[in-house]
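User: I am new to reading protein models. Could you take me through this one?

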Amino acid sequence: MSLPKSDLTKKADQRTAMDLGPVLPKTAEVRDGHLFIGGVDMVKLAHEQGTALYVFDEADLRDRMEQYRESFAELYPNSDVLYASKAFLNKEVLRIANEEGMCLDVSGGGELAMARAVGFPMERVFVHGNNKTERELREAIEAGVGRRVLDTRIELGRVSRIAGELGVTQKVLMRITPGVEADTHEYIKTGCEDSKFGFTMLGDFAFGCVGDVLAAPNVELTGFHCHIGSQIFALHSFREAVQVMVEFAARVKERYGLEIADLDMGGGLGIAYAADDAPSSIREFAECTAAAMKEYCAEYGVAEPRLLVEPGRSLVANAGVTLYTIGVMKTLPNIRKYVGVDGGMSDNIRTALYDANYEAVIANKAADPRTEIVTLCGKHCESGDAVVLDGSLQHPDLGDIVCVFGTGAYCYTMASTYNGQPRPAIVFVRNGAFRVVTRRETYEDLMARDI
Ligand code: LLP
């Protein structure tokens, strides 16, 4: 795959680091021309810890978790916020999510094992995902997870049998595909009809399956789940989904006599990747969802269930950045200028995969205006290996430290060791101090599983 052609008429935006607004972690500041996050000099940190390096602003991360908890607690007290661990996962973020009173969305055996390793309370864990194996289902039920979100009728039989074998009753939700088209990239749309996830509403299939779940032994249906997609800016999509789900719950009440206890509306709130992006705030998202729940429950005559939401990206994306060192540069007149960094599609596949768009600055020139248009390319054996396509950047020199913003979600968890590239370390910064919470992968790690 090669890169799309550069627009040679594009002008650099002349912004300095602090002009980048919503993409910056909350504690970002510039001192003596250097970018600081959490009171820590990113240039010094890069020199000490090496690059590529993922850095997280812990105050920012905790603050967003608090905003979610507090907004929902105030606007819809019977609610819980689940951290969608697929967005960014290591032991420390799980400990923090637990301390901040979050529930947890895990989507399989490995994520569950990590939650168990840090002692995350299992009754606050929701197990999601399609096609979970017999082993994964057994591990989850044995561990005593709060809910398994059933994805198919085939799985219902398995969960019912395993719970019976273990002598327990497993609480379950059913994942419904509500047929709401969210305005986002095709690959991360999930709520529309043509989806591998969940029970379809087409032909009223999901509705019929409710009877099967209610009749199955060893499972207790506590409600429904949906997830309409990710990186969604238009709040009305969430509102529409609430309406579809509440109407469904009303029909279930009428036909089966079940008043649901839980309605899980999934994740998906969008974030700013570009300085001019204007996503809705966490507060606005909470207002929209809480109001829709109250209105539609009243309209359809359903007792207000517990409201669950499962944010991932909007908790971690803007708290995280990636630091790189510029190793090579190459200017092709009338084509583009390449600035080569010591990472790329191995630590951030999103640009190649979804045409994602990131803002970058040179951390040691953070007070300077961005005067050039460059392509930040990685070090991998593919032409399409780029982190930023035709983005504004300060005048680059070899050895400069580049900081790419908004990389806290779906970069580390989707990272690979392509070309034998060890995955970067993860550092949390706070109050002028840093701690390495995941060490850099080593060459030995790369070979550790080979026999
Ligand atoms: N709940 C469920 C059932 C999900 O599948 C997801 C994300 C979430 C919650 C969290 O959604 P968020 O709040 O983060 O939007 N790799 C893609 C994103 C895939 C999202 C997968 N599911 C990306 O890099 O954009």
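User: How much area do domain 1 and domain 2 bury between them?

Analyst: Buried area is the accessible area (1.4 Å probe) that two parts lose on being put together, summed over both. Of the area buried here, 58% is on carbon and sulfur atoms. The total for domain 1 and domain 2 is about 1400 Å².

User: Which three residues supply 28% of the area that domain 1 buries against domain 2?

Analyst: This share is more than any other three residues supply. The three are P22, Y354 and F428.

User: What should I know about the model and its numbering?

Analyst: The model is predicted: local features need pLDDT of at least 70, side-chain atom pairs count only at pLDDT 80 or more, and totals for chains, interfaces and linings use all residues. Residues are numbered from 1 along each chain as its sequence is written, and side-chain values use heavy atoms, leaving out hydrogens and water.

User: Which residue forms a salt bridge with E92?

Analyst: A salt bridge is a side-chain nitrogen of Lys or Arg within 4 Å of a carboxyl oxygen of Asp or Glu. The count between domain 1 and domain 2 is one. For E92, the closest N and O atoms of the pair are 2.8 Å apart. The partner is R435.

User: Why does the ligand lie between the domains?

Analyst: Look at the shell around the ligand. Residues come from both sides, so the ligand lies between domain 1 and domain 2.

User: How many residues surround the ligand?

Analyst: Here, near means that a heavy atom of the residue lies within 4 Å. Among the closest are S230, E310 and Y410. The count is 19.

User: How far is an oxygen atom of the ligand from an N or O atom in the side chain of S230?

Analyst: Y410 also has a side-chain N or O atom 2.6 Å from a ligand oxygen. For the side chain of S230, the distance is 2.3 Å.

How values were computed. A polar contact is a pair of N or O atoms within 3.5 Å; within protein, one must be able to donate a hydrogen and the other to accept it, and residues adjacent in sequence count only if both atoms are side-chain atoms. Domain bounds come from an automatic or database domain assignment.
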